[in-house]
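User: I'm new to reading protein structures. Could you walk me through this one?

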Amino acid sequence: ESQGQGDPLNIAFVGSERDVLVALVRAGWDFTETINATSVGHMVSAFAFGGADRTSPVSPLYVDGRPQDFAMQHARTDIAQRSHLRLWLTPLQVEGQAVWIGQISRDIGVKVTTLSKTLTTHVIDPQVDHARFRLLETLLRSGNVARWGYVGGVGTASRDQPRANLTKDPYFTDGQRLVLFISRTPRDMGKAEFIPWSESEPKG
């Protein structure tokens, strides 16, 4: 894993690429652009004049030397505030299904930085666990979760001793990783099975 240079890997999906993408789209997620000069111009314009850009770009992050396989966002009315996630396909399988490792966080602003090639970046909400909880909530409500639970992840980072991502934004976390088994057929959220891997269920 690559933890020191980006936001924490705090989510995992079990399911085919089709099923994972369909679940996310049904829950209101949109595909994003990869950052380049044109996309940065669109992002800056949306930020300057207000309104949501449903394909606002994200910069590539790397796990084991590989950029994300795809990135998605949950747009808000303001470009400076959105949730975004990145997913990487792993060589692992569970019950014959592909395993995806990922990162989710919520943007709360835009800043200028020399640590990015485009000189701009989004500022993340330091409480990254909140975005993870919201993802679970939206996927449960859209009926695409068969089973879910939490496993150990990146380790705890407290409010008093936060970690920082590549662009020096601090974040804190309980260190857990949310694992979602995607259901191919929609089901009532009350029928999604909770797997008690961890001794206690994290709070949003």
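User: Which residue in strand 12 is the bridge partner of tryptophan 148?

Analyst: Tryptophan 148 has leucine 180 as its bridge partner in strand 12. Strands are DSSP runs of E with at least two residues, helices are runs of H or I with at least four, and both are numbered from the N terminus. Two strands pair if DSSP finds at least two bridges between them. Here strand 9 (residues 145-152) and strand 12 (residues 176-182) run antiparallel, joined by seven bridges. Before we go on: this is a predicted model, where local features need pLDDT of at least 70 and side-chain atom pairs count only at pLDDT 80 or more, while totals for chains, interfaces and linings use all residues. Residues are numbered from 1 along each chain as its sequence is written, and side-chain values use heavy atoms, with hydrogens and water left out.

User: Which residue in strand 13 does arginine 147 stand opposite?

Analyst: That's glutamate 193 in strand 13. Strand 9 pairs with strand 13 (residues 193-195) too, in the parallel sense, over three bridges.

User: How many helices and strands are there in the protein?

Analyst: You'll find three helices and 13 strands. Take helix 1 (residues 17-26): its buried residues are Asp19, Val20, Leu21, Ala23 and Leu24. Buried means under 20% relative accessible area, exposed means over 50%, and partly exposed is in between (1.4 Å probe, protein chains only). After helix 1 comes glycine 28, with a positive phi near 100°.

User: What percentage of the residues in the protein are buried?

Analyst: Of the 204 residues, 49% are buried.

User: Is aspartate 64 buried or exposed?

Analyst: Aspartate 64 counts as exposed because its relative accessibility is 65%. Look for aspartate 64 in the loop between strand 3 (62-63) and strand 4 (66-67). Its phi is near 50°, a positive value in a residue other than glycine. Now try glutamate 95, in the loop between strand 6 (83-94) and strand 7 (97-112). Glutamate 95 has a positive phi as well, near 55°, and counts as exposed at 60% relative accessibility.

User: Why does asparagine 165 count as buried?

Analyst: Asparagine 165 counts as buried because its relative accessibility is 8%. This residue is in the loop between strand 10 (163-164) and strand 11 (170-171). A polar atom of its side chain lies 2.8 Å from the backbone nitrogen of aspartate 169.

User: Where does aspartate 188 lie?

Analyst: Aspartate 188 is in the loop between strand 12 and strand 13. One polar atom of its side chain lies 2.7 Å from the backbone nitrogen of glycine 190. Also, the C-alpha atoms of aspartate 188 and valine 145 are separated by 8.9 Å, with the two residues 43 apart along the chain.

User: What is the volume of the second largest pocket?

Analyst: Here's the general idea: rolling a probe the size of a water molecule over the atoms shows where empty space is left. On a 1 Å grid over the protein atoms alone, a pocket is an open set of points where a 1.4 Å probe fits, with protein on both sides within 12 Å along at least five of seven lines; lining residues have an atom within 4 Å of a point. Points are joined across faces, edges and corners, and a volume is the space filled by probe spheres set on them. The second largest pocket has a volume of about 160 Å³. Eleven residues line this pocket, and Val63, Asp64, Thr90, Pro91 and Ile101 lie nearest its centre. Strand 6 gives the largest share of the lining, five residues.

Definitions and conventions: Polar contact = N/O pair within 3.5 Å; in protein donor to acceptor, adjacent residues only side chain to side chain.
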